[in-house]
Amino acid sequence: MSMHNPEILHKFSPSTCKGITDVFNEIKDKLSWSEKESILDVGCGTGNVTTNVVIKFSPPDSSITATDISLDMIEFAKKTYNNPRITFALMDILDDNLLTKWKEQQFNKVFCFYVMQRIVDDKKAYTNMYKLLKPGGEILVAFPGKHGFDEVSPFLANIQKYTSYREELFKMKFHASPKEDYVSHSTQVLKNIGFNVITCKTIPITFQLNSIYDFVEIYGLASRLSDILPEDLFNEAMEDVKTIIPVNNLFGHSNGNCYVNYELIILIAKKPLQE
Ligand SMILES: C[S@@+](CC[C@H](N)C(=O)[O-])C[C@H]1O[C@@H](n2cnc3c(N)ncnc32)[C@H](O)[C@@H]1O
């Protein structure tokens, strides 16, 4: 089970749709929209957010290119969603040779939702977004920073069968490149590339799930545990997490629901009209 499993990602995508709808409602006035936008969605996953949220908030004549590094995701998106305004395609936003496959200054907007927490080299990703943007174009990026899930793996680290992975489990964070302060870090990276930063802030999110089983499933999908543990131990860890959470009273519960809190970083930055 990894981030590249479209079925599981799709099962939880309604909550991402809701989160990104809240983001748009909060910041839509900060973006400068024209009548006809050419929009790139980076890391579109199964295409649910692109089809049901991005479309809703973008001008009716816009075209949207929704891209992902994973062929499984793109194939799933193509067979699940069919909208004449959306084209699904493969793209690795960390590709060193991006401009041999894509046209420089092709897009007015670049959106990137729930992807940057998986990316260590954020400077490379933002530099590629900058190259793909037209002058005056904008990026809107949202990703979790500090996450309640970060509390789980230190408990795994203390179980003997995971001894060989102890150090990594102790320091494992939801974000692949943990920072003390994502707002000041991201602002600096974007400014160094040449962006004008319009907004960079953190909002608190409470993520609600219907059961501990859903909780463990999304933890297995979204955390970096599958990058650290071999498959057999990963499967055992999924079982152990079902006990670790209630025994240590890690997350809020009420009426059979579970809640986990995390901070969502939202940033908007503009490529200057003249460099
Ligand atoms: C949690 S999903 C988010 C999907 C969608 N944006 C949403 O909000 O529901 C993260 C996606 O980022 C993709 N991804 C990871 N690294 C990437 C990269 N370097 N370039 C493009 N996509 C990437 C993964 O394949 C996955 O589909």
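**Notes on loops, cores and helix packing**

1. Let's start with Gly43, which counts as buried because 25 other C-beta atoms lie within 10 Å. (Buried takes 20 or more other C-beta atoms within 10 Å of the residue's own, exposed 12 or fewer, and partly exposed is in between; C-beta atoms are placed from the backbone.) Gly43 sits in the loop between β1 (38–42) and α2 (48–57). Helices (H or I, at least four residues) and strands (E, at least two) are DSSP runs, numbered from the N terminus.

2. A word on the source: this is a predicted model, where local features need pLDDT of at least 70, side-chain atom pairs count only at pLDDT 80 or more, and totals for chains, interfaces and linings use all residues. Residues are numbered from 1 along each chain as its sequence is written.

3. What does Gly43 touch, leaving aside neighbours within four places in sequence? Its contacts are Asp68, Ile93, Cys112 and Val115, where contact means that the C-beta atoms, placed from the backbone, lie within 7 Å. Pro84, 41 residues from Gly43 in sequence, is 19 Å from Gly43 in space, C-alpha to C-alpha.

4. Asp150 belongs to the loop between β5 (133–147) and α6 (153–157). Asp150 is partly exposed, since 16 other C-beta atoms lie within 10 Å. Beyond neighbours within four places in sequence, Asp150 contacts Lys173 and Phe174. Between the C-alpha atoms of Asp150 and Asp227 there are 15 Å, and the two residues are 77 apart along the chain.

5. Two backbone angles deserve a look. Gln105 is not a glycine, yet has a positive phi of about 55°; it lies in the loop between α4 (98–101) and β4 (107–113). Tyr114, also not a glycine, has a positive phi of about 55° and is in the loop between β4 and α5. Are these residues buried or partly exposed? Gln105 is partly exposed, with 14 C-beta neighbours inside 10 Å, while Tyr114 is buried, with 21.

6. On to the interior. In soluble globular proteins, nonpolar side chains tend to be buried together. The largest nonpolar core here has 48 residues, and Val110 and Ala142 touch the most other members. Such a core is a set of buried Ala, Val, Leu, Ile, Met, Phe, Trp, Tyr and Cys residues joined through C-beta atoms within 7 Å. Not counting residues up to four places away in sequence, Val110 touches Leu40, Val42, Met129, Leu132, Leu133 and Ile139. A second, separate core of 21 residues includes Leu156, Met172, Val216 and Tyr219.

7. Now a helix pair: α9 (residues 212–222) and α11 (residues 231–247) pack at about 125°, their axes 10 Å apart. That angle makes α9 oblique to α11. (Axes are lines fitted to C-alpha atoms, for helices over the stretch in contact, and angles run from 0 to 180 degrees between N-to-C directions; under 35 degrees is roughly parallel, over 145 roughly antiparallel, 65 to 115 roughly perpendicular and the rest oblique.) From α9, Ile212, Phe215, Val216, Tyr219 and Gly220 meet Met238, Val241, Lys242, Ile245 and Pro246 of α11.

8. The other pair is α5 (residues 122–132) with α8 (residues 182–193), packed at about 45° with axes 10 Å apart. This makes α5 oblique to α8. Asp122, Lys123, Tyr126, Thr127 and Tyr130 of α5 meet Val189, Leu190 and Ile193 of α8.

Technical notes: Contact = placed C-beta atoms within 7 Å.
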